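Student: I would like to go through the terms used for this model and see what each one rests on.
Tutor: Then ask about them one at a time.

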Amino acid sequence: MATEKTKPMVKLDLENLSVVRVLGKGAMGTVLLVVDLINDPSARCPFALKVVEKSTFHSKFDADRRARWEMTVLSRLSDPFLPTLLGTSETDEFLAWAVPYCHGGDLNILRYRQTDQIFSSTSIRFYIAEIVCALESLHRMNIVYRDLKPENVLIQNSGHVTLTDFDLSRILKPISSRTIKPPEIPTPKPDTRRKHRRNLSRFMLVVTEKGLPKAKSARVSPVSRKKPSFSNGERSNSFVGTEEYVSPEVVRGDGHEFAVDWWALGILIYEMMYGETPFRGKNRKETFRNVVQKSPEFIGKKTLLTDLVERLLEKDPAKRLGYKNGAAEIKEHAFFNGLRWDLLTEVSRPPFLALIEEEETIQERIESSGVNVKDYFQSLRKHTVLVPPSPSHSTFNSPLSEHCRRNVSFEEY
């Protein structure tokens with residue numbers, strides 16, 4: 001992965017960007033599907049635009065710093081399984097950045113399309129292999145992701161995956177056994193505010209189809225625990241993650257490092273196998289108790305896949321698969337025997353291909369609304385929505401809403 005200087009960014013003019021529809025909304029901002037009709041008059045290349053209103057900075061949890069941090073991370077990424085920062089825009093009112101639009105939605109939506117709402121082991125092998133490569137790239141840059149879950153694994157137009165949402169990531173020094181040269185990325189400055197914040201809604205860079213449930217994530221916003229650094233590699237003491245994906249060391253407040261991503265990978269595989277996470281309880285307290293004390297339960301005979309999950313869900317991070325040698329340990333597991341890691345990007349027929357929206361449909365949407373980004377937010381202030389929201393906004397009252405992950409928030413990074 002390239003770790004040199006930041007790539008030059010294209011400056012976006014929000015008045016030139018026509019809104020096709022809303023992809024997602026959250027406390028930190030709004031994701032819009034947009035088209036640049038000046039440079040792309042035929043609307044062949046729509047992209048996703050994440051917009052944060054500066055007027056909300058004073059009332060949202062660390063929104064300014066976290067938004068700028070995410071832009072910084074995106075500007076450094078150069079990997080087929082990680083997003084590319086297409087352009088940025090900053091005005092007196094908005095902070096916005098663009099990434100490629102993923103027609104396939106996310107892994108959660110894709111799971112609900114499957115028979116019995118679970119994946120086959122062959123599909124799991126393909127998707128997890130690509131996710132391992134994405135995490136490996138981040139760890140090489142000394143970035144711990146800390147927010148792996150199905151909603152943050154998007155399906156590209158090619159059918160391959162890409163991770164999204166990096167506002168909870170952070171830079172950590174590697175443990176001494178890893179010889180990784182860190183890039184020149186500034187570690188975000190700690191916020192000095194101590195004021196308690198209320199629930200921080202989940203922010204989704206996805207699009208859903210009518211009838212497909214979109215789980216509302218239970219993101220646990222970070223809270224700092226003042227403890228000394230660890231000599232054998234730096235650890236974070238922030239309480240951060242998503243409730244059902246939080247690792248035991250985070251729950252215990254022991255300090256954590258890159259192994260939290262391998263724990264989350266184990267939870268992700270389990271959910272792909274069984275359609276549910278292994279430690280979910282009736283409430284947050286029970287969930288966290290299960291995370292620390294309960295062993296994952298498997299159906300049937302032990303397989304290479306269940307062995308992989310068990311080793312990833314080791315309670316002691318120092319014994320967890322991936323702790324000593326990172327992604328190399330995961331790749332060497334017998335479940336991946338015979339996999340050509342160097343040829344993953346060459347797979348032209350992934351398990352599932354995204355349904356590409358026709359250019360004519362996009363043009364029709366643009367012609368029916370005729371709204372640019374600034375007009376859209378102005379219409380919101382007047383309580384007149386000119387662009388229809390994503391169907392995901394109607395899923396909260398669906399019978400599947402009980403499966404939504406709970407929102408939890410703490411005070412600061």
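The dialogue below sets computed values against their definitions.

Tutor: This is a predicted model, in which local features need pLDDT of at least 70 and side-chain atom pairs count only at pLDDT 80 or more, while totals for chains, interfaces and linings use all residues. Residues are numbered from 1 along each chain as its sequence is written, and side-chain values use heavy atoms, with hydrogens and water left out.

Student: What makes a run of residues a helix or a strand here?
Tutor: Both are DSSP runs numbered from the N terminus: helices are H or I with at least four residues, strands E with at least two. The protein has 10 helices and 12 strands.

Student: How do you know what span is expected of helix 5?
Tutor: The expected span is 1.5 Å times one less than the number of residues. Helix 5 (residues 259–274) has 16 residues, and its 23 Å from first C-alpha to last is close to the 22 Å expected.

Student: Why is helix 5 called largely enclosed?
Tutor: Buried means under 20% relative accessible area, exposed over 50% and partly exposed in between (1.4 Å probe, protein chains only). Because 15 of the 16 residues of helix 5 are buried, the rest of the structure largely encloses this helix. Of the 413 residues of the protein, 57% count as buried.

Student: Why are helix 3 and helix 5 called roughly antiparallel?
Tutor: Angles run from 0 to 180 degrees between N-to-C directions, and axes are lines fitted to C-alpha atoms, for helices over the stretch in contact. Under 35 degrees counts as roughly parallel, over 145 as roughly antiparallel, 65 to 115 as roughly perpendicular, and the rest as oblique. Helix 3 (residues 121–140) packs on helix 5 at about 165°, with axes 11 Å apart, and the pair is therefore roughly antiparallel.

Student: Which residues of helix 5 make the contact with helix 3?
Tutor: Contact means heavy atoms within 4.5 Å. Helix 5 contributes D261, W262, L265, L268, I269, M272 and M273.

Student: Where does W341 lie, and why is this residue called buried?
Tutor: W341 lies in the loop between helix 8 (327–331) and helix 9 (359–369). Its relative accessibility is 18%, so W341 counts as buried.

Student: Which residues is W341 in contact with, leaving aside its neighbours within four places in sequence?
Tutor: They are A129, V132, C133, K331 and F336. W341 and A129 are 212 residues apart in sequence, yet 7.7 Å apart in space, C-alpha to C-alpha.
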